[in-house]
Amino acid sequence: MLFRSGCPMETLVFLKPGWEKDDYLLYGVVNRLISKYNLSILQKREILPDRKFWTDFYSKDVGKSYFEDMIQYLLSSKSNFFILEGKDNIIELARGRVKYERAKRKKSSSDIENFLHTSDSRENATREIALVRQLFSRK
């Protein structure tokens, strides 16, 4: 896939299980991200993905010591997915905003039980969005 400066691109942001205990995450962080950077929501859904989805999504972590605990956590409740579109540096902007909010709130130091996920590269955004769109089409 060819990316050109100034062209719209997509990224994935999702709130993991537990986000519903803290409306600030949805109405604060995500909405502020969308409004601050003039992003469009292409698709949004609150859904409980199955084990296959999470195993495919986190395929690079299969076999790691924390993998099973992470999967059980992700299966514990619904997640809220946002496929966003914005300018060509949307991935960096989204990750930067989420890191800022995490530091500001000191929400969680755990790599597993943080509540927000953002794509970390164009390649991963493309892969993750494809998996989420497949999930949306099944449910």
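# Close-up views of the predicted model

**View 1. F14 and F81 are both buried.** Buried means under 20% relative accessible area, exposed means over 50%, and partly exposed is in between, with a 1.4 Å probe and protein chains only. The structure is a predicted model, in which local features need pLDDT of at least 70 and side-chain atom pairs count only at pLDDT 80 or more, while totals for chains, interfaces and linings use all residues. Residues are numbered from 1 along each chain as its sequence is written, and side-chain values use heavy atoms, with hydrogens and water left out.

**View 2. Aromatic pairs around F81.** Rings of Phe, Tyr and Trp (its six-membered ring) pair if their centres lie within 6.5 Å; planes under 30 degrees apart count as stacked, over 60 as edge-to-face, and the rest as tilted. The count by this rule is 11 aromatic pairs. The ring centres of F14 and F81 are 4.8 Å apart and the planes meet at 35°, so this pair is tilted. F14 belongs to strand β1 (residues 9-15) and F81 to strand β3 (residues 79-86), so the pair ties together parts 67 residues apart in sequence. For F53 and F81 the centres are 5.9 Å apart and the planes stand at 90°, so the pair is edge-to-face. F53 lies in helix α2 (residues 51-57) and F81 in strand β3, so this pair ties together parts 28 residues apart in sequence. Both F53 and F81 are buried. Helices (H or I, at least four residues) and strands (E, at least two) are DSSP runs, numbered from the N terminus.

**View 3. Ring pairs join F14, F53, W54, F57, Y58, F81 and F136 into a cluster.** Two arginines lie over ring faces in this cluster. R45 is over the face of F136, at 4.6 Å from the ring centre. R127 is over the face of F57, at 5.9 Å from the ring centre. A charge sits over a ring if NZ of Lys or CZ of Arg is within 6 Å of the ring centre and within 35 degrees of the ring normal.

**View 4. Four strands form an open sheet in the order β2-β3-β1-β4, with antiparallel pairing.** β2 (40-47) and β4 (116-118) are at the edges with a single partner strand each, so one side of each has no neighbour in the sheet. From one strand to the next the twist averages 15°. Helix α5 (residues 122-138) packs on this sheet and touches β1, β2, β3 and β4; the direction of α5 makes about 65° with that of β1. Axes are lines fitted to C-alpha atoms, for helices over the stretch in contact, and angles run from 0 to 180 degrees between N-to-C directions. Contact means heavy atoms within 4.5 Å.

**View 5. β1 and β3 pair in the antiparallel sense over seven bridges.** Two strands pair if DSSP finds at least two bridges between them. M9 stands opposite G86 in β3, the β3 partner of T11 is L84, and that of V13 is F82. Six of the seven residues of β1 are buried, so β1 is largely enclosed by the rest of the structure. In β3, seven of the eight residues are buried, so β3 is also largely enclosed by the rest of the structure.

**View 6. The other two pairings in the sheet join β2 to β3 and β1 to β4.** β2 and β3 are antiparallel and pair over seven bridges; here R45 has F81 of β3 as its bridge partner. β1 and β4 run antiparallel and are joined by three bridges, with F14 standing opposite H117 in β4.

**View 7. The largest nonpolar core has 20 residues.** A nonpolar core is a set of buried Ala, Val, Leu, Ile, Met, Phe, Trp, Tyr and Cys residues joined through side-chain atoms within 4.5 Å. The residues with the most contacts inside the largest core are L12, F53, W54, F57, Y58 and F81. Two or more residues of this core come from each of β1, α2, α3 (67-74), β3 and α5. A second, separate core of 18 residues includes W19, V30, Y37 and I90. Leaving aside neighbours within four places in sequence, Y58 is in contact with F14, K16, F67, M70, L74 and H117.

**View 8. The protein has five helices and four strands.** The elements run β-α-β-α-α-β-α-β-α from the N terminus on. Of the 139 residues, 45% are buried. Among contacts between residues at least 6 apart in sequence, 84% join residues at least 24 apart.
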